[in-house]
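Biologist: I would like to learn to read sheets and helices in a model. Can we go through one together?

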Amino acid sequence: MNGLYLVAVGSVPEKALEWIEGAAAEWLPFPIRRLPPLSIPEAAYDTKRGQYQSVEIMKMLAESASRDAARVLGVTDVDLAIPMLSFLFGQAQLDGPVAVVSLCRLHQEFYGLPADENLLRERTVKEVLHELGHTFGLVHCSEPTCAMSLATHIELVDAKDEQYCVRCGMQLVRRCAALEGEV
Ligand SMILES: [Zn+2]
Ligand SMILES: [Zn+2]
C-alpha cells in the first residue's frame, strides 16, 4: 500500500494540483505523490461530440499506475463524457484504484460567467472527494451537502460541503484503515 498518486492529464494549473493534494491529505492516511504529467490519449477524443471519452483516460491511468499504488487520481481540464451521458464531472472505479476528475465544467467561464478562483477551488475539492470516495467503496449519499451526493449539474456541486457527512466519513476511515493493513 503505497498511497495516492496524483497525475495531470494534459495541461492542468499547478494551483489545482496543490488544492487537490491538500484536500486528499486532510482525509486520507496515505502519502500523496505526483506522477509525471500524461498526455491526453488521442483515442479519447470524440470528434462528433468535441469531448473526450473518459473510459480511454481511465484505461491509460490504470496502465500508468504502479502496482503498489493504492489509488491513482487523474486530473484534466478537458470535457469528459461517456456514451450514455452528455458529460461527466469525473469518473471512478467503485472500490478500485483509478479515478479521474475534470475541471472543465467547474470553471465559471464554462457558463459564460467571470472567473472565480475560490469557487473553482471549492468545486475541485468537492469533486475530488467524491471520486476518491468511490475508489474507497463509498456509494452515492442521499444527504445533499455530503461530498458523496450525486451532482448532475453545477448547482448540485455548489450545494455540497467540502466534506463527507459523518456516515460517509466513518466509512472512508474504516476502508482506509483496512487498506493500510494490506501490504
Ligand atoms: Zn458519483
Ligand atoms: Zn454522505
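**Reading the sheets**

Modeller: Start with one pair: L80 sits opposite L88, a residue of β7. This is a predicted model, in which local features need pLDDT of at least 70 and side-chain atom pairs count only at pLDDT 80 or more, while totals for chains, interfaces and linings use all residues. Residues are numbered from 1 along each chain as its sequence is written, and chains are lettered from A and ligands numbered from 1 in the order in which they are written.

Biologist: How many bridges join β6 to β7, and in which sense do they run?

Modeller: Strands of a sheet pair through backbone hydrogen bonds, either parallel or antiparallel. Strands are DSSP runs of E, at least two residues; helices are runs of H or I, at least four; both are numbered from the N terminus. Two strands pair if DSSP finds at least two bridges between them. Here β6 (residues 80-82) and β7 run antiparallel, joined by 2 bridges.

Biologist: What is the order of the strands in that open sheet?

Modeller: Its 4 strands go β3-β4-β6-β7, and the pairing is mixed.

Biologist: Which helix lies across β4, β6 and β7?

Modeller: Contact means that C-beta atoms, placed from the backbone, lie within 7 Å. Axes are lines fitted to C-alpha atoms, for helices over the stretch in contact; angles run from 0 to 180 degrees between N-to-C directions. Helix α2 (residues 54-64) lies across those three strands, at about 50 degrees to β4 (51-53).

Biologist: E56 lies in helix α2. Why does E56 count as partly exposed?

Modeller: Count the other C-beta atoms, placed from the backbone, within 10 Å of its own: 20 or more is buried, 12 or fewer exposed, and in between partly exposed. E56 is partly exposed because it has 17 such neighbours. Leaving out residues up to four places away in sequence, E56 touches P41, A43 and A44. Its C-alpha atom is 9.1 Å from that of E42, 14 residues away along the chain.

Biologist: Which strands stand at the edges of the open sheet of 5 strands?

Modeller: The order is β2-β1-β5-β9-β8, with mixed pairing. β2 (32-34) and β8 (90-92) are the edges; each has a single partner strand, so one side lacks a neighbour in the sheet. From one strand to the next, the twist averages 20 degrees.

Biologist: How many bridges pair β8 with β9?

Modeller: There are 3, in the antiparallel sense, with β9 spanning residues 98-102. Q91 has V100 as its bridge partner in β9. Helix α3 (residues 117-135) packs on this sheet, touching β5, β8 and β9, and makes about 165 degrees with β9.

Conventions: Two residues are in contact if their C-beta atoms, placed from the backbone, lie within 7 Å.
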